[in-house]
Amino acid sequence: MAVNAAELFSDRARGFRASEIRELLKLIDSPEIISLAGGMPDERFFPLDRMTEASTFALKEYGNKALQYGSTEGIKKLRVLLMDRMEKEGVRGLDLDNVIISTASQQGLSLVAQVFINPGDTVIVEEPSYLGALQAFVSMQAECCSVPVDQDGMQMDALEEKLNELQAAHIRPKFLYTVPNFHNPAGVTMSLERRKKLLELAERYAFLIVEDDPYGEIRFEGEPLPSLLALGGLEHVIGLRTFSKISFPGLRLGWIVAREDVMNKIIVGKQAADLCSPALTQYIAYEFINRGWMDEYLEVVRREYPKKKNAMIEALKMYFPSSATWTDPQGGLFVWAKTPDGIDTQAMFTEAINAKVAYVVGVAFYPHRDDNSHMRLNFSAVDPEHITEGIHRLGDLLKSKL
Ligand SMILES: Cc1ncc(COP(=O)(O)O)c(C=O)c1O
């Protein structure tokens, strides 16, 4: 008898939501379409020769160890190197046990979700919020309680109000999730004042903060701000970092920084998930960073990405209707635009594809799917001429709807 798998799926799996981004990316796999929909680094800047050298060296130097299983926590010399990097960044009181390697940040999100969320538990997220984080939390059947972001990141007045409401309803949020630097999708950065306020609220209302920071080192304008980890320490903050944007997503590596009691649970969760992250890419990453090549690569990225961002901002000014608004990020990969007059970016998407340009529909980033007026525009993966042309096409489409 044929087995109907749908009858067997868990309640959790029934609640799984496909990522709109992945679905959309399938649609736009055509060279004629200018895709502002991705979230990828520009591979034209990848130093393939350096990576070839680091890989060859790693295989020669570490031999079979690089091809074996490694420990769940990750290769020690890479962890030491990352711990030093975090210390230079101002994070205090770290011990090696507080830093482990993950299979990039998405695994960090998934492990944090597993460790803390029971079905029906509340987590606080930003509105909008990184889609992959929402997926990880919702797949563990979390209730997402959202707090809006503005130019300076998550709005602390609104957060305090939400915390009071939750307290009155006897609901204790499991954690608060934030992308404080060059937010995905909003492009904004949480101000220093708000970082301090957030830590104060975390102390007062006794909740943990999950700080997801893939983009902090891709700052090309303005002054760096201390991370929540640096300001608040391990007591209140779990840090998720990744190599995906500061080097290459193909390594599938990141790192998690957490206090020992939390880390012990995360490690057991990781054992069940994948035993360990790939030893081979960990050794390659170690050699790449230790030779100073990652910092060299980051310099290229910080020099080249602002050219693309500026091309996008100039094109938005030139071609978008004057009543549209957008963020002007000082780093990262994304501009977040709001359409005028209630133009629905989801309804408009097919027309955009027909006009040979793609973006990510804003609704995907809203936990309650209640905003259709935004679009996420990526500038990192496209060259400035195509950015200008893509925004021109989108602008014409928007104007035709006014
Ligand atoms: C905010 C944020 N967190 C996590 C990730 C996951 O990236 P990775 O799993 O490649 O580290 C991304 C990817 O775009 C992201 O933007």
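Helices (DSSP runs of H or I with at least four residues) and strands (runs of E with at least two) are numbered from the N terminus. The model shown is predicted, so local features need pLDDT of at least 70 and side-chain atom pairs count only at pLDDT 80 or more, while totals for chains, interfaces and linings use all residues. Residue numbers start from 1 along each chain as its sequence is written.

**View 1. The shell around the ligand.** Helix α6 (residues 104-116) gives the most to this shell, with three residues. Of the 14 residues around the ligand, those that come nearest are Ala104, Ser105, Gln106, Thr242 and Ser244; a residue is near a molecule if its C-beta atom, placed from the backbone, lies within 6 Å of it. By class, the shell has five nonpolar, eight polar and one charged residues, where Asp, Glu, Lys and Arg count as charged, Ala, Val, Leu, Ile, Met, Phe, Trp, Tyr, Cys and Pro as nonpolar, and the others, Gly among them, as polar.

**View 2. The two domains and their contact.** The domain assignment, which is automatic or from a database, gives domain 1 (10-47 + 295-400) and domain 2 (63-291). Their C-alpha centres lie 24 Å apart, and the contact (C-beta atoms, placed from the backbone, within 7 Å) takes 32 residues from domain 1 and 33 residues from domain 2. On the side of domain 1 that touches domain 2, the largest share, six residues, comes from α13, and this side has 19 nonpolar, nine polar and four charged residues.

**View 3. Methionine 312.** Leaving aside neighbours within four places in sequence, methionine 312 is in contact with Val335, Leu377, Phe379, Ile387 and Ile391.

Definitions and conventions: Two residues are in contact if their C-beta atoms, placed from the backbone, lie within 7 Å.
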